[in-house]
Amino acid sequence: MNVLNAELNLNDFWSTVRQARARVLFLDYDGTLAPFKTDRRKAIPYPGIRTLLNNIQRQAHTRLVMVSGRWAEEVSPLLGLDRPPEIWGCHGWERLWPDGLGEMGPMSSQALRGLEMAAAQLREINFSPEQADLYWEKKPASVAVHFRAMPPETIQQMEDQVRPHWETLCEKHSLAVKSFDGGMELVVPTINKSRAVATVLKEMREGAERLNIFPFQIAAAYLGDDLTDEDGFLELNRDKAAAAQQDVTRNAGISTLSVLVGEKARESSADVHIRPPREVLEFLESWLKHTQ
Ligand SMILES: [Mg+2]
């Protein structure tokens, strides 16, 4: 990431956004559009985000795609838009269409069994039963432990018991342990947020081919704060590199921007870094301005 070039990159990007024939905005939820809350069920967007996203959906000729680690069905009620967007949940494993139809990714029975064993252990440990919903959750393609909701002494206790068990499960069931901001998660390593980016961009390219209008420029941005968003950033970068080698008179060209959101910049594959919520709001305002 080259923070010094941030302004330059952004100006170049906005000019291609203005000219693009198709646009897509990939957005992570927690830490990007909404502040972290001890109770994750209460994490609603920063003030101003809803209005901007509603306007972008209405006026900006933009496909809005949420890419979250949460269950897909949890995102829409928190986001609270007039029209639900397309949502990829569980780090790219689930896809929920705006009309409510959903699709799940592939999963081996071996992985599924491993996740069930992880959930069984957490049920057995039974830390603070009245807080169980806040401390951990079994999702369709992962098991997550949320440290943010726990008192500090519980975090260590929980980790000491859970991590060794998870390490065994990783070996026997081809799973992986991932850290995220506020917890750790046992996941199926073959699935990550890049799946959402790759699938949507492929569909947009195929749409361009069907219309048979070339050159067909696509503008795509991905905003995310977490380590799990790096897979999305990398996919966007890969796509840009591949598109640069293609003949744009016959293929859809693409202009992309990966945006790391966070108080502090960190090592990242993103093109630029912005701070929430002010610079996220400014980014979305600019998107609206350049696309109307
Ligand atoms: Mg996040």
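**Rings, a metal site and a helix contact**

Analyst: In this predicted model, Arg148 lies over the face of Phe36, 4.1 Å from the ring centre.

User: Which protein residues are the donors of the magnesium ion?

Analyst: The donor atoms lie 2.1 to 2.2 Å from the ion. In sequence the donor residues follow the spacing D-x1-D-x194-D. Two of them contribute OD atoms and one contributes O; the residues are Asp28 (OD), Asp225 (OD) and Asp30 (O).

User: How many residues apart in sequence are the parts that Asp28 and Asp225 tie together?

Analyst: Asp28 belongs to the loop between β1 (22–27) and α2 (49–59). Asp225 belongs to the loop between β10 (216–224) and α8 (230–244). The pair therefore ties together parts whose separation in sequence is 197 residues.

User: Are Asp28 and Asp225 buried or exposed?

Analyst: A residue counts as buried when its relative accessible area is under 20%. By that cut-off, Asp28 and Asp225 are both buried.

User: At what angle do the axes of α7 and α8 cross?

Analyst: Helix α7 covers residues 194–211. Its contact with α8 includes Val197 and Leu201 of α7, and Leu236 and Ala243 of α8. The residues of this contact divide into five nonpolar, two polar and four charged. The axes come within 7 Å of each other, and they cross at roughly 35°.

User: What kind of aromatic pair do Phe13 and Trp287 form?

Analyst: A search of the whole structure finds seven aromatic pairs, and Phe13 with Trp287 is one of them. Their ring centres are 6.2 Å apart, with 40° between the planes. Planes under 30 degrees apart would count as stacked and those over 60 as edge-to-face, so the pair is tilted.

User: Which helices hold Phe13 and Trp287?

Analyst: Phe13 is buried, with a relative accessible area of 3%, and Trp287 is buried with 0%. Phe13, Trp14, Phe283 and Trp287 form one aromatic cluster. The pair of Phe13 and Trp287 ties together parts that are 274 residues apart in sequence, because the two residues lie in helix α1 (residues 6–19) and helix α9 (residues 278–291), respectively.

User: What angle lies between the planes of Tyr222 and Phe233?

Analyst: Tyr222 is in strand β10 and Phe233 is in helix α8, eleven residues apart. Both Tyr222 and Phe233 are buried. Their rings form an edge-to-face pair, 5.4 Å centre to centre, and the angle between the planes is 80°.

Technical notes. Residues numbered from 1 in each chain as written. Predicted model: local features only at pLDDT ≥ 70, side-chain atom pairs only at ≥ 80, totals over all residues. Heavy atoms only, no water. Donors = N, O, S within 2.8 Å, 3.2 Å for Na, K, Ca; no water. Helix = DSSP H or I, 4+ residues; strand = E, 2+ residues; numbered from the N terminus. Buried < 20%, exposed > 50% of the residue type's maximum accessible area, 1.4 Å probe, protein only. Axes fitted to C-alpha atoms, helices over the stretch in contact; angles between N-to-C directions. Contact = heavy atoms within 4.5 Å. Nonpolar A, V, L, I, M, F, W, Y, C, P; charged D, E, K, R; others polar. Phe/Tyr/Trp six-rings, centres within 6.5 Å; stacked < 30°, edge-to-face > 60°. Lys NZ or Arg CZ within 6 Å of the ring centre and 35° of its normal.
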